[in-house]
Each structure stands twice: as C-alpha cells, then as structure tokens.
Amino acid sequence: MVHVRSRREALRVLSALAAAAALPKGAFAHLAALQDEEVIPFTDVPEDFSTRRGEFVFRLDLRDLRTFITANEDFFSVAHYNRPSIDGATWSLRLDGLVERPATFTLDEIRALPKVEKTVTFECSGNQGIRHHGMVGNAVWGGTPLKPLLEAAGPHPTAIETVFWAADAGTETIRNNEYPQNFARAMSLADTMGSGAILAWEMNSEPLPEKNGFPLRVIVPGWYGIGHVKWLTRIQLSDRRLMNRFMGRDYVTIIGEEMDGQTVWFERSVTRQRIKSVVARVSRTAAGRTRVFGAAWNDGTPIREVGVSVDGGAWMNAELERTGNPYAWTFFQLETDALAPGEHTLVSNAIDEFGRDQPADLSLKKTYWEDNAQFPRTVMVAG
C-alpha cells in the first residue's frame with residue numbers, strides 16, 4: 001500500500017501512475033514496494049542539505065526519487081543573469097538571420113502549430129557529487145518541432161549555426177570594457193536539424209513555469225541543460241560561430257589525456273550528456289535483503305547495463321526498467337544479500353551499447369562541467 005502523507009505527495013503518486021500507464025506492463029512495479037521499505041540512511045548527506053535557494057528549486061533530493069516524472073516544483077532551475085517575468089500576451093519569437101523567409105510568432109501562433117510531447121531527462125552540466133547530482137529531472141515537454149520551422153524559413157546555403165537568444169540579460173566585462181548581453185547558446189545547424197529539438201510551452205501538461213522558461217524554451221533531447229535555452233525570444237541562423245561567454249569562455253571543459261607518456265590538454269564545448277548513473281536509495285526489503293535503487297541517463301545512446309559494487313567487490317548487474325525511450329532516465333535496482341551492521345560503500349557504473357562507461361577517476365578534468373565519474377555512496381546499517 002502506498003502511504004500518501006500530503007497533497008504534494010499525492011501529486012507525485014498521480015504523476016507516477018500516469019507515467020506508468022504509458023509504459024510496458026510491469027514497468028516500475030517495484031516503486032510501490034519502495035514506499036514501505038525501510039530506508040538505510042546515507043552517511044554522505046550533510047544534515048543541512050537543502051533542495052532550495054530562495055523560492056526556486058535548485059536541486060532534486062534523489063533520496064525522494066519515487067516517480068518516473070519529476071514534478072514541476074521539484075525540477076531544477078538555473079539562471080545566469082536575471083529571471084525575467086514575461087507577459088505572454090505581448091511576447092514574440094523572431095526567426096531570422098540567414099533565412100529566406102524571416103518570421104515573427106506570437107505565443108498563440110506558436111501554440112497553434114503541430115504539437116508533440118517528448119519525455120526527456122536532462123541535467124545541468126555542473127551537476128556534481130558535491131551537489132549529490134540532484135540537478136537533474138525528467139519531464140514531459142509539450143511543444144512544436146523546431147526542424148519544420150527552420151525548413152519553412154529557408155536556411156541560406158552559408159548558414160552553419162543556430163543561435164538561441166533569451167530574455168535574461170546582464171553585463172559582461174570583455175577586455176576591460178562592459179557590454180550589455182542577453183543569454184545565448186548556439187549549436188551547429190546540422191546538430192539542430194538532427195537533434196529532434198522542440199520549442200516547448202508545456203511541462204507535464206501544464207503551462208511552462210516561469211522558473212523553467214515561460215513562455216517558451218528549447219528542449220534538445222540528449223543535451224546538457226545549458227542547451228535547453230529558457231525564456232526564448234529569438235532564433236538566428238548565422239554563418240559564424242557564436243563565441244560569447246557561454247560558448248567560448250564558460251561551459252568549456254578542460255581535460256587532460258595521457259598520450260605517449262605526456263599529458264595533452266583539451267578544451268571542449270559542453271554539448272551532449274555523458275553517461276551517468278547514481279545510487280539514489282538503499283533499503284531493506286520485507287525479506288531482510290538489501291535493495292539498491294537508482295537512475296541512469298545519457299545522450300540517448302541505449303544503455304546496455306548498470307553494475308553495482310558493494311565495498312569494492314565484484315560488479316553485479318542491476319535490473320533495468322526499460323521504457324523504450326532512450327532520452328528518459330533508466331531506473332535500475334539490485335537486490336542482494338543483507339548488509340552487515342556498520343558502514344558500507346556502494347557505487348554504480350552505467351555502460352552504453354558502445355562500451356562507454358563512467359570513469360572511476362576524473363582527476364585530469366580541471367573544470368567541474370560534465371562530471372560523470374562514478375559516485376560512491378556510503379550508508380550505515382544499524383546493529
């Protein structure tokens with residue numbers, strides 16, 4: 001039996017049931033059992049752990065991960081400048097630059113376009129162990145495909161870049177001079193056309209919340225959150241690469257690789273999500289065994305397996321809850337023998353069909369972007 005303690009918990013349960021209805025029979029059957037199992041507490045979470053900064057959700061407490069769909073109020077949100085409050089009645093979206101037929105759309109005109117829904121998991125590229133990897137979420141995004149809009153605009157043969165401009169703005173100091181700047185991110189036109197991106201005005205069947213980009217944002221399946229531009233106002237096609245703060249200076253990973261006995265250093269743009277998995281909860285089953293539960297996600301490449309190791313022991317293959325959607329997270333669980341009283345370390349490692357997995361060591365990565373290292377968790381089993 002699922003115990004519902006509050007209206008918020010009721011909404012979570014309803015979201016889980018709605019999500020499960022569209023999944024293969026038997027998917028997430030263990031989630032109801034998790035409601036009643038005895039949780040074995042983590043010892044790596046500080047007592048003052050908080051999910052919020054001010055009035056906005058900053059991160060998800062993965063210990064409470066019990067539904068496939070992340071509730072709107074629990075979905076993380078990051079702003080780089082201000083958080084604009086936009087009047088949907090006066091807002092418009094421009095599509096211009098190197099196109100044959102530039103256009104401007106009102107919100108009603110955007111909403112009148114053919115609608116699709118996509119369930120997509122994405123994380124902030126700064127999602128780290130120090131934040132317990134809680135800057136991640138999975139939601140059903142409703143909107144219109146971007147590719148047909150770009151095709152209708154008629155890209156010029158010289159166009160190579162799609163630039164997404166947003167309403168949030170600030171001031172940047174560049175070479176000792178100050179310049180007003182709007183937030184903007186870009187991706188190649190080829191990547192844009194092949195990404196399955198949508199312009200979303202709904203989140204979990206509700207109007208897009210202000211903190212998550214109202215009235216319109218980009219959703220790019222398989223890409224880090226920085227590419228899912230919120231508060232969208234303009235889409236520009238260009239024959240030059242955008243090199244603003246968020247493309248050329250920030251959101252650039254610095255990492256070294258050992259080659260012929262030397263360390264070669266690379267700087268690369270943050271784009272597609274690297275494979276990651278996180279142990280979210282450890283519990284004791286009614287039969288007295290230990291259940292390890294967590295989630296894995298990546299760029300959409302099918303996940304082949306997730307292994308779990310306890311106290312440095314051999315990897316054990318977890319059961320994967322496959323949904324048929326490679327862009328939504330994959331839940332995993334492992335049931336194993338009861339843990340002896342005392343502290344234990346557990347870690348997961350996800351592997352995709354190309355054999356790419358989570359590195360045990362990322363010491364040669366000097367920026368915190370794209371942290372997909374294995375994330376050891378510690379628990380305490382009562383005596």
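**Figure 1. The lining of the largest cavity, sorted by residue class.** By class, 12 nonpolar, five polar and three charged residues line the largest cavity. The model shown here and in the other views is predicted. The lining comprises 20 residues in total. Nearest the centre of the cavity lie Val-78, His-80, Arg-217, Gly-225 and Lys-230. The volume of this largest cavity is about 200 Å³. The structure has three cavities of 30 Å³ or more.

**Figure 2. The whole protein, as a setting for the close-ups.** The protein holds 23 strands and six helices. Its length is 383 residues, and buried residues make up 54% of them. Among contacts with a separation of 6 or more, 71% join residues 24 or more positions apart. The views that follow turn to particular strands and residues.

**Figure 3. Strand β18 and its two partner strands.** Strand β18 covers residues 303-310. Six of its eight residues are buried, so the strand is largely enclosed by the rest of the structure. One partner is strand β22, residues 342-352. Seven bridges join β18 to β22, and the two run antiparallel. The other view of pairing involves strand β19, residues 316-317. Here two bridges make the link, again with antiparallel strands.

**Figure 4. The hairpin of β18 and β19.** Strands β18 and β19 form a hairpin. Five residues lie between the two strands. Asp-311 is in the turn. The phi angle of Asp-311 is positive, at about 55 degrees.

Figure 5. Ser-309 belongs to strand β18. Is Ser-309 buried or exposed? Its relative accessibility is 5%, so Ser-309 counts as buried, the cut-off for buried being under 20%. The side chain of Ser-309 reaches the backbone oxygen of Gly-313, at a distance of 2.7 Å. Leaving aside residues up to four places away in sequence, Ser-309 touches Ala-314, Trp-315, Thr-345, Leu-346 and Val-347.

**Figure 6. An open sheet of five strands.** The strands of this sheet follow the order β1-β16-β17-β21-β20. Their pairing is antiparallel. Which strands stand at the edges? They are β1 (38-39) and β20 (319-321). Each has a single partner strand, so one side of each is left without a neighbour in the sheet.

**Figure 7. The pairing of β17 with β21.** This view stays with the open sheet, where β17 and β21 are next to each other in the order. Strand β17 spans residues 290-297, and strand β21 spans residues 330-336. Seven bridges pair them in the antiparallel sense. Gly-294 stands opposite Phe-332 in β21.

**Figure 8. Gly-324 in a loop.** Gly-324 sits in the loop between β20 and β21. Its relative accessibility is 74%, so Gly-324 counts as exposed, the cut-off for exposed being over 50%. How many residues separate Gly-324 and Pro-302 in sequence? They are 22 residues apart. In space, the C-alpha to C-alpha distance between Gly-324 and Pro-302 is 9.3 Å.

Methods:
Residues numbered from 1 in each chain as written. Predicted model: local features only at pLDDT ≥ 70, side-chain atom pairs only at ≥ 80, totals over all residues. Heavy atoms only, no water. Buried < 20%, exposed > 50% of the residue type's maximum accessible area, 1.4 Å probe, protein only. Helix = DSSP H or I, 4+ residues; strand = E, 2+ residues; numbered from the N terminus. Pairing = 2+ DSSP bridges. 1 Å grid on protein atoms, 1.4 Å probe; cavity = no way out; pocket = protein on both sides within 12 Å on 5 of 7 lines; lining within 4 Å. Points joined across faces, edges and corners; volume = space filled by probe spheres on them. Nonpolar A, V, L, I, M, F, W, Y, C, P; charged D, E, K, R; others polar. Polar contact = N/O pair within 3.5 Å; in protein donor to acceptor, adjacent residues only side chain to side chain. Contact = heavy atoms within 4.5 Å.
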